[in-house]
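User: Can you walk me through a few local features of this model? I would like to start with the sheet.

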Amino acid sequence: MARAKPPGRRRRPKSGKRKGRGPITGTIGWFARIVATPLALPFDVLLFGLIGTAVVLSAMQEDLPEVDALLEVKFEEPLRVYSADGSLMAEYGVQRRRAVAIEDIPPDLAHAFISAEDSRFYDHKGIDLLGLARAAYAVAQAGEATQGGSTITMQVARNFFLTREKTAKRKLTEILLAMRVEMTLSKDEILELYLNKIFFGNRAYGVSAAAELYYGKTLDELTLAQMAMLAGLPKAPSANNPLADPERARERRDYVLGRMHELGYIDDVDYSMAWVAPITAEAYVAPIEFEAGYAAEMARQEIVDRFGQEGAYSIGLKVTTTIDERLQTESDRALRRGLMAYNRRHGYHGPEDRLEGVDRMSERDLDEYLATRPVVPDMPVGVVTEAGASSATVYLGGGETETLKLWQVNHMRRYINPNARGGRQGRVDRVVATGDLVRLRKNNKDSWVLAQVPTVGGALVSISPTDGAIRAVSGGYEFNWSKFNRATDARRQPGSTYKPFVYAAALGKGYTPASLVSDTRKSFGRWKPKNADGKYMGTIRMRVALAKSRNLAIINLIDSMGIDYTRDFLQRFGYTMEDMPGNFGLALGGGSSTPLQLATAYAVFANGGFKVEPHVVSRIEDTAGNLLYAADAPLACVDCWLESDEGEADVLALDQAARPMAQQVLDPRIAFNMDSMLKDVIKVGTAKRARSLKRSDLAGKTGTTNDSVDSWFAGYSPHLVTVAWMGMDDNRPLGRGEWGGTAALGMWVDFMADALEDEPIAEIKRPEGMVPVRVSGSTGRATKSGGVVEYIRDEYQLMTLGPEPVKYAAGSGERRSSAASRSRSAARARSAARARSAKKRTAPRVMDSLF
């Protein structure tokens with residue numbers, strides 16, 4: 001049996017054309033040979049027919065596209081997103097296309113396609129007369145075009161230029177174009193185009209993309225059976241698909257193997273081994289090397305904005321993000337631990353879903369159902385198939401079951417309301433029931449116990465105060481569970497985390513940290529604001545008012561400064577007028593902010609007054625590695641703000657040296673004062689829990705909105721700005737005790753403990769134009785002895801009380817450290833304790849203020 005000619009590289013004629021007749025002349029001759037002999041037409045009739053055919057073909061010839069355009073076809077590649085460390089985070093693309101040169105195509109793979117699609121490929125001139133004759137016979141039998149006699153060359157012409165409609169005109173155009181292709185390109189060039197263009201189903205175009213999709217392999221790693229399977233797909237990519245119909249795909253594969261054996265491409269042994277090979281195709285997903293769903297989605301959205309919906313997914317962009325893998329891992333861990341801890345404090349909300357008729361469902365039915373549920377790290381999902389007094393059986397899929405005893409479920413006390421939960425149950429079937437869809441997790445003894453995905457929402461985002469690069473972003477417990485990114489899209493009331501901006505505005509108006517503010521009752525029409533503890537400290541220094549988060553103090557301060565002035569000043573931190581209310585609610589964070597917005601605003605305090613731009617994309621490259629975009633993010637002046645390590649020179653990296661300087665929106669002296677005041681929040685104020693980190697360079701502010709609907713902590717070191725938030729997506733209260741200084745601060749401390757583990761303590765430079773002034777701890781006035789030292793801007797060293805001094809009222813405010821005052825404080829504490837005891841079983845007080 002004659003062996004078909006194997007593929008070999010042929011030189012393309014210098015002229016771009018082969019010698020011989022043109023496509024019209026060749027077509028007329030072919031037409032004459034096919035038609036004239038069997039029909040025995042008279043010469044004059046045949047002549048007129050041929051002339052008419054020539055006219056039609058000539059007109060069609062002028063409309064044919066240029067074949068040179070074939071060589072300029074751009075193959076599509078998916079969008080790939082990487083971490084700053086170089087790990088693949090995500091891959092996006094409607095189609096998979098990957099080009100490969102003919103030299104890189106294994107001979108057996110080329111032979112498989114030739115055997116399946118066009119066994120005379122190297123012998124014909126683009127048109128197989130026998131194949132066309134079979135197609136013509138089918139038309140005569142069926143009365144319509146039901147099959148084609150397309151060669152590989154004709155398929156190339158159709159796939160690159162034509163539609164797939166089955167009409168005589170389209171077929172004739174295909175023939176003419178195939179002849180032009182054969183005159184212009186070599187056989188190897190045609191085969192290379194075919195193998196790179198053909199559709200293989202499941203959005204895969206080109207044999208290289210198909211090999212990766214179905215087998216996760218490169219072409220040279222494919223077995224003979226796998227090559228035959230791929231060669232059998234182009235005829236019917238859906239019907240012959242091994243993922244959709246393995247048995248039909250096997251039949252098509254075996255047909256291709258038979259043709260290869262028949263044509264002499266493989267011997268008896270290779271044929272037999274490939275014929276008995278099992279079907280190994282499975283949907284291949286690119287190996288995600290690092291999971292960061294929220295960050296990857298942020299990058300994807302930005303690429304779509306830049307390149308459009310079509311371009312983003314087709315030109316093979318490689319996107320490098322600013323995400324630090326270590327910080328992102330710690331961010332996800334801290335957020336999940338915080339939300340899970342809240343979950344344990346507030347009770348079990350019941351099963352995720354409930355199935356009826358579980359006893360009638362097969363394992364296959366259950367497997368199919370479980371496959372539809374979101375994957376949550378370390379929390380497999382299962383269905384309770386049996387539940388009794390002492391145990392329950394949970395089916396986890398794949399034939400695996402787990403038996404839960406009472407001790408493995410009775411820690412899940414039933415949720416009643418935000419402030420109450422039920423008691424421990426004495427029977428398993430009072431916690432779970434047959435048909436319940438539940439989650440399990442491993443406890444610290446490596447045993448499975450009942451769990452649930454937290455119903456509370458949360459977010460944690462961490463950025464560099466130097467240039468705004470987003471180092472970590474966790475927009476929820478798990479991206480596959482909820483794709484809503486609360487770090488970037490949840491607009492919530494920021495509560496008292498807004499207060500530092502108002503105090504910065506006061507410093508900008510001429511106040512100092514020693515200026516007195518009035519923490520006293522005041523009504524504004526029907527609104528009668530209160531402090532969270534229901535008490536009032538009288539006249540106190542501004543520094544103390546911020547550390548203790550006194551509501552009335554800041555409301556009275558805004559009343560003195562003016563709401564319009566304050567709103568205008570706050571725009572320096574990146575907030576718009578639409579973000580801020582035009583009333584006294586501004587003082588208590590009554591506007592709206594996302595966690596990322598808040599982190600960006602706090603970066604102004606962390607870097608000495610510079611406004612940086614948050615960004616998650618650092619580089620964009622094309623498939624050839626050409627740089628299309630590099631983030632030219634403005635830099636804060638680190639050397640202006642931080643002391644260098646002793647003996648260490650300040651040297652900027654080359655890419656940083658060329659970047660622009662960020663806009664300075666805050667006097668560095670005001671930033672210095674605010675940094676000092678925010679450090680007091682941790683030292684002596686509402687965020688003392690952060691002292692466990694044992695770092696002197698931490699600063700921040702707690703925030704809690706009415707009824708504990710939102711719990712915030714915004715804080716930083718000069719190395720990293722991090723904001724943590726917790727709240728219900730539907731704005732239900734979190735419950736008693738879930739304040740910024742507890743719920744959110746716990747997540748922040750957990751994250752920063754690991755994030756800053758290897759970072760040295762940063763020392764801030766005191767800006768020029770500041771002088772130390774000793775002031776009274778009570779009156780805020782300069783004093784020669786005692787008191788505290790404040791650094792005051794030169795121009796205000798004689799005006800420590802600010803432009804509108806508040807008169808100090810003796811007997812109010814901070815008490816001196818005397819035995820008498822300590823005695824009075826102790827008495828007040830005992831009285832308060834008795835009052836709390838008397839009200840122990842009453843409903844919790846509803847706060848009408850933010851702190």
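Analyst: Strand 19 and strand 20 pair in the antiparallel sense, over three bridges. Strands here are DSSP runs of E with at least two residues, helices are runs of H or I with at least four, and both are numbered from the N terminus. Two strands count as paired if DSSP finds at least two bridges between them.

User: Before going on, what are the ground rules?

Analyst: This is a predicted model, so local features need pLDDT of at least 70 and side-chain atom pairs count only at pLDDT 80 or more, while totals for chains, interfaces and linings use all residues. Residues are numbered from 1 along each chain as its sequence is written, and side-chain values use heavy atoms, with hydrogens and water left out.

User: OK. What sits between strand 19 and strand 20?

Analyst: Five residues, and the two strands form a hairpin. G625 in the turn has a positive phi of about 85°. Across the pair, I620 stands opposite Y629 in strand 20.

User: Which strands make up the whole sheet, and in what order?

Analyst: The sheet is open, has five strands in the order 2-1-5-19-20, and its pairing is mixed. Strand 2 (88–92) and strand 20 (627–630) are at the edges with a single partner strand each, so one side of each has no neighbour in the sheet. From one strand to the next the twist averages 15°.

User: How does strand 5 run against strand 19?

Analyst: Antiparallel, with four bridges joining strand 5 (residues 318–321) to strand 19 (residues 617–621). K318 stands opposite E621, and T320 has R619 as its bridge partner.

User: Which helix packs on that sheet?

Analyst: Helix 12 (residues 293–312), which touches strand 1 (79–82), strand 2, strand 5, strand 19 and strand 20. Its direction makes about 35° with that of strand 2. Contact means heavy atoms within 4.5 Å. For the angles, axes are lines fitted to C-alpha atoms, for helices over the stretch in contact, and values run from 0 to 180 degrees between N-to-C directions.

User: Switching to helix pairs. How do helix 3 and helix 10 cross?

Analyst: The axes of helix 3 (residues 107–117) and helix 10 (residues 246–262) come within 9 Å and cross at roughly 100°. That makes helix 3 roughly perpendicular to helix 10. The scheme is: under 35 degrees is roughly parallel, over 145 roughly antiparallel, 65 to 115 roughly perpendicular, and the rest oblique.

User: Which residues meet there?

Analyst: From helix 3, D108, H111, A112, S115, A116 and E117; from helix 10, R252, V256, R259 and M260. They divide into four nonpolar, two polar and four charged. Ala, Val, Leu, Ile, Met, Phe, Trp, Tyr, Cys and Pro count as nonpolar, Asp, Glu, Lys and Arg as charged, and the others, Gly among them, as polar.

User: Now salt bridges. How many in the whole structure?

Analyst: A search finds 36. The criterion is a side-chain nitrogen of Lys or Arg within 4 Å of a carboxyl oxygen of Asp or Glu.

User: What does D750 pair with?

Analyst: One partner is R333, at 3.4 Å from N to O. D750 is in helix 24 (residues 740–755) and R333 in helix 13 (residues 325–346), 417 residues apart. D750 also meets R337, at 3.6 Å. R337 is in helix 13 too, so this pair ties together parts that are 413 residues apart in sequence.

User: Are those side chains buried or exposed?

Analyst: D750 is buried, with a relative accessible area of 18%, and R333 is partly exposed at 26%. Buried is under 20%, exposed over 50%, partly exposed in between (1.4 Å probe, protein chains only).

User: Which residues form the network around them?

Analyst: E330, R333, R337, D750 and D754 are linked by salt bridges.

User: And what about R550 and D519?

Analyst: They form a salt bridge, with the closest N and O atoms 3.0 Å apart. R550 is in the loop between helix 17 (542–547) and helix 18 (551–561), and D519 is in strand 16 (residues 516–519), 31 residues away. R550 is buried at 7% relative accessible area, and D519 is buried at 0%.

User: Last topic, backbone. Which residues other than glycine have a positive phi?

Analyst: Among them are R203, near 65°, and D707, about 60°. R203 lies in the loop between helix 7 (187–197) and strand 4 (204–205) and is partly exposed at 42%. D707 is in the loop between strand 22 (699–704) and strand 23 (710–717), partly exposed at 33%.
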